[in-house]
Amino acid sequence: MNEPEFSLKGKVILVTGAVGLIGQEVCDAYAAYGANVIAMDNQADALDDLMETLKTRYPGQDLCAMVADVTSEESLTTLFQGIQEQHQKLDVLVNLAAIDAKFDEGQKDINLSRFEHYPLELWERSVAVNATGLIRVTQHALRLMLPSRSGNIINVASTYSLVAPNQSLYKTDSTTPPVFKPIDYVGTKSMVPNFSRYVATFYAREGIRCNTVVPHGVFNQHSKAFQENFAKLSPLGRMCDLKEIRGPFIFLASDASSYMTGSTLVVDGGWTAW
Ligand SMILES: NC(=O)c1ccc[n+]([C@@H]2O[C@H](COP(=O)([O-])OP(=O)(O)OC[C@H]3O[C@@H](n4cnc5c(N)ncnc54)[C@H](O)[C@@H]3O)[C@@H](O)[C@H]2O)c1
């Protein structure tokens with residue numbers, strides 16, 4: 001992908017959830033393709049670490065970190081004022097910030113409730129970040145993009161925006177209590193592809209594009225049992241390597257995807273194909 005239409009040189013790109021598993025990789029990919037990356041997350045220390053790594057790897061490039069909380073209007077107002085002052089524009093917004101119940105090694109706070117007992121406080125917490133937070137950030141970004149009649153928004157959904165979780169994926173050991181992919185994640189992620197279509201069609205004649213990426217099963221020290229379960233259910237027979245997420249995000253942020261809006265780019269190893 002070293003054709004000029006894939007270049008991100010001079011593009012100002014805001015990545016929310018930047019210190020997450022995918023966020024760090026996407027920030028690195030965008031920096032590698034020449035973008036001015038604004039890495040945003042509510043984890044200040046981890047943002048400092050990320051910036052140190054990126055600035056060492058891409059010296060002289062315009063890279064910065066901004067701490068903000070997608071659930072706070074005040075925090076987002078400060079963030080976008082900062083972007084306006086520093087860059088006077090925003091070319092691309094990547095909405096990665098989310099609450100996602102993970103099942104990789106070391107995750108200790110998985111709620112074990114079956115759906116009929118699932119605590120609604122957890123649903124409401126995820127709605128505030130994954131749904132309302134997504135809308136809030138997108139509104140702020142659009143206000144900055146519209147005066148230049150140019151902008152590109154990339155939302156991040158899940159295979160569980162398209163199909164239900166196969167709960168057998170999460171059964172790895174008969175001696176431990178069963179775990180389930182919870183409704184807060186499935187419900188909030190389900191809105192994302194159609195939210196992208198809403199934004200895409202609302203602003204199509206005003207120079208704004210909006211698309212969705214659907215990642216799935218990005219490997220992060222998952223147990224052998226989990227990987228084996230995953231392999232059985234996946235047409236490609238394996239989890240996604242973190243590096244394999246770079247191309248789709250570079251493509252959608254670049255002018256190579258200029259005729260795409262309202263679309264859903266599925267990067268799931270074929271999971272939803274059967
Ligand atoms: N990892 C996967 O395999 C996978 C699969 C499908 C979809 N996704 C989606 O990709 C996105 C990123 O996933 P990930 O694996 O990197 O997740 P992650 O949990 O590693 O990262 C999410 C990031 O969002 C940040 N965040 C949470 N609440 C926030 C708030 N209120 N304000 C600002 N930042 C906040 C967290 O600090 C974290 O850095 C998510 O939307 C997720 O649903 C991931």
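A salt bridge is taken here as a side-chain nitrogen of Lys or Arg within 4 Å of a carboxyl oxygen of Asp or Glu. The model is predicted, so local features need pLDDT of at least 70 and side-chain atom pairs count only at pLDDT 80 or more, while totals for chains, interfaces and linings use all residues. Residues are numbered from 1 along each chain as its sequence is written, and side-chain values use heavy atoms, with hydrogens and water left out.

**Exercise 1. Determine which residues are linked in a network of salt bridges, and describe where E25, K243, R57 and D28 lie.**

Solution. Step 1: by the rule above, the count of salt bridges comes to 11. Step 2: E25 and K243 are joined by their side chains at 3.4 Å, N to O; E25 belongs to helix 1 and K243 to the loop between helix 7 and helix 8, 218 residues apart, where helices (H or I, at least four residues) and strands (E, at least two) are DSSP runs numbered from the N terminus. Step 3: buried means under 20% relative accessible area, exposed over 50%, and partly exposed in between, with a 1.4 Å probe and protein chains only. E25 is therefore buried at 9%, whereas K243 is exposed at 55%. Step 4: R57 pairs with D28, their closest N and O atoms being 2.3 Å apart. Because R57 sits in helix 2 and D28 in helix 1, this pair ties together parts that are 29 residues apart in sequence. D28 counts as buried, at 6% relative accessibility. Step 5: the network consists of E25, D28, R57, K243 and R246.

**Exercise 2. Characterise the salt bridge between D100 and K181.**

Solution. Step 1: the closest N and O atoms of D100 and K181 are 2.8 Å apart. Step 2: D100 is in the loop between strand 4 and helix 4, and K181 is in the loop between strand 5 and helix 5 (183–190), so that the pair links distant parts of the chain, 81 residues apart. Step 3: D100 is partly exposed, with 26% relative accessibility, while K181 is buried, with 10%.

**Exercise 3. Identify the residues of the nonpolar surface patch and of the patch of negative charge.**

Solution. Step 1: patches are made of residues with over 30% relative accessible area and no salt bridge, like charges being joined within 9 Å and nonpolar side chains (Val, Leu, Ile, Met, Phe, Trp, Tyr) within 5 Å. Step 2: F115, L120, W123 and I183 make up the nonpolar patch, with about 410 Å² of accessible area together, computed by the Shrake-Rupley method with a 1.4 Å probe, only the protein chains shown counting as cover for residues. F115, in the loop between strand 4 and helix 4 (120–145), is exposed at 64%. Step 3: the negative patch gathers D45, D48, D49 and E52, where Asp and Glu count as negative, Lys and Arg as positive, and His and the chain ends are not counted; the place of a charge is taken as NZ of Lys, CZ of Arg, CG of Asp or CD of Glu. E52, in helix 2 (residues 44–57), is exposed at 58%.
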